[in-house]
Amino acid sequence: METSKRHSPYMAIFLVLAFFSQHFSSVQCIGINYGTIADNLPPPAQVAQFIKDKTIIDRVKIFDVNPDIIRAFANTGILLTVTVPNGEIPNLTNIKYARRWVNDHIKPFHPQTKINYIAVGNEILHWGPQNLIDNLVAAMRTLHKALIKNGITDIKVTTPHSLGILESAEPPSLAKFRPGWDVGVLAPMLQFLRETKSPFMVNPYPYFGFDPKEINFDLFRPNNGYYDRFSKRSYTNKFDLLLDAVFVSMKRLGYADVDVVAAETGWPSVGETFEPQCTVANAASYNGGLVKKFNSGTGTPLMPNRKVETYIFALFNENQKTGSLAERNWGLFRPDFTPVYDIGIMRGGPVPGQPQPVPVPALPAQGKKWCVPKAEATDAALQSNIDYVCSQGFDCRPIQAGGACFNPNNVRSHAAFAMNLWYQTKGGDDVNCDFSHTGVVTSTDPSMLFNFQPLRLT
């Protein structure tokens, strides 16, 4: 009893330190994917400085081992994930080659640049070819050995997967990996990740399973939810559902203890006419909801209180990507660093999910540009535009009863005010007059088109 009393102060100190270690050592902010398939992006040094000084982003993932980018993040404190090109995978099964690769691409920058993960390829199982799939786990193991032999012990080796690795995701409690990949590739990979305390990276995109009837569920908006009758868990968003489907699939193979990382997820802000889900409003809702959820630390129904490390796709719009218009419009920022929309990641900016008042800008002088409704736009679509703009913290009092722009009191006139307010505040970039293809830029003052006097600041 005396011994116990004598050591109780030390025990108290230990418990306090343990508490702080448990609750604060893993504090992290949101991550971002930094793609560079564009000819108009700022230099990497400016990008790194912008992320460090202006945003709360504390981790970045790139899709290559570009030395200029890796060097740019030196001494910033930002964690960096670099990616081995897919074609290097067979070569990396040779330890001599792997050691040379580490000497060339990692050692010159380490530890000044805080490289925390090396991703061996990207979505290899989804895209193949078979020789890359066959060599993937061996390349991961050999690269890990090469790092250790080069004296680097603080970088984890992993690889990101599309959710094409799942045979099914709904209900999440019955999810499983595709036959063949499960035992042949994923089980030995998960064993390696367990041994090296590395995470299992997946790319959960509710966007790619878009169903108009489930839009609110996809976008973190209020919805009726999804009930898994087998696990008796309820889901309020698709992101959680997809992560739990991955978790259950890992658990079936006996690897529920391996951490899961959401290596890519996001929503494009502009699309083709056949991509009506690609709007600024939807992208802001998804990514804003993602940040708010991440900061809550609530985890998922099957992984409660487990803060899943998450990387939004993407940092910039990339104007040279192939495919539909949506492929070039995943970015949170334009090349001049102005936000495409606000999701609460700017330092000193608004709290995620909490709309902030935005001052009404002066409209441009005669001869400049305005955003107005297209002639064919329906009243329902225009009312939706009004509701969205006015829900984002903009001052819509001028189009409320008694306001300076209330008359004429019709949806089209009020929408002209709201849409132009958004357009001008966002910098007058034409992409901000899209509104799901219901807006058009004009050089004619809207007061001439809609018989009201636009509000101007004095």
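A disulfide is taken here as a pair of cysteine sulfur atoms within 2.5 Å. The model is predicted: local features need pLDDT of at least 70, side-chain atom pairs count only at pLDDT 80 or more, and totals for chains, interfaces and linings use all residues. Residues are numbered from 1 along each chain as its sequence is written, and side-chain values use heavy atoms, with hydrogens and water left out.

**View 1. The disulfide of Cys371 and Cys433.** The two sulfur atoms lie 2.0 Å apart. The S-S torsion is about 85°, so this disulfide is right-handed. Cys371 sits in strand β14 (residues 370-373), and Cys433 in the loop between α12 (411-425) and β15 (439-442), so the bond ties together parts that are 62 residues apart in sequence. Helices (H or I, at least four residues) and strands (E, at least two) are DSSP runs, numbered from the N terminus. Cys371 is buried, at 0% relative accessible area. Cys433 is buried too, at 2%. Buried means under 20% relative accessible area, exposed over 50%, and partly exposed in between (1.4 Å probe, protein chains only).

**View 2. The disulfide of Cys390 and Cys396.** Here the S to S distance is 2.0 Å. The torsion about the S-S bond is about -95°, so this disulfide is left-handed. Cys390 is partly exposed, with 28% relative accessibility. Cys396 is buried, with 5%. The disulfide count comes to two. Counting bonded cysteines along the chain, the pattern is 1-4, 2-3.

**View 3. Cys278 and Cys405.** Cys278 is buried, at 1% relative accessibility. Cys405 is buried as well, with a relative accessible area of 1%.

**View 4. The cis peptide bond between Gly128 and Pro129.** Most peptide bonds are trans. The bond joining Gly128 and Pro129 is cis, with omega about 0°. Pro129 lies in the loop between α5 (124-127) and α6 (130-149).

**View 5. The cis peptide bond from Phe313 to Ala314.** Omega is near 15° for this bond. Ala314 belongs to the loop between β13 (309-313) and β14.

**View 6. Glu123, with positive phi.** Most residues other than glycine have a negative phi. Glu123 is not a glycine, yet its phi is positive, about 55°. Its place is the loop between β4 (114-120) and α5. Glu123 is buried, with a relative accessible area of 12%.

**View 7. Ser436, with positive phi.** Phi of Ser436 is about 55°, although the residue is not a glycine. Ser436 lies in the loop between α12 and β15. Ser436 is partly exposed, at 36% relative accessible area.

**View 8. A surface patch of positive charge.** Arg99, Lys107, Lys145 and Lys149 gather here. Patches are made of residues with over 30% relative accessible area and no salt bridge; like charges are joined within 9 Å, and nonpolar side chains (Val, Leu, Ile, Met, Phe, Trp, Tyr) within 5 Å. A salt bridge is a side-chain nitrogen of Lys or Arg within 4 Å of a carboxyl oxygen of Asp or Glu. Lys149 is in helix α6. Lys149 is exposed, with a relative accessible area of 52%.

Note on methods
Areas by Shrake-Rupley, 256 points an atom, 1.4 Å probe, with all protein chains shown as cover. Lys, Arg positive; Asp, Glu negative; His and termini not counted. Charge placed at Lys NZ, Arg CZ, Asp CG, Glu CD.
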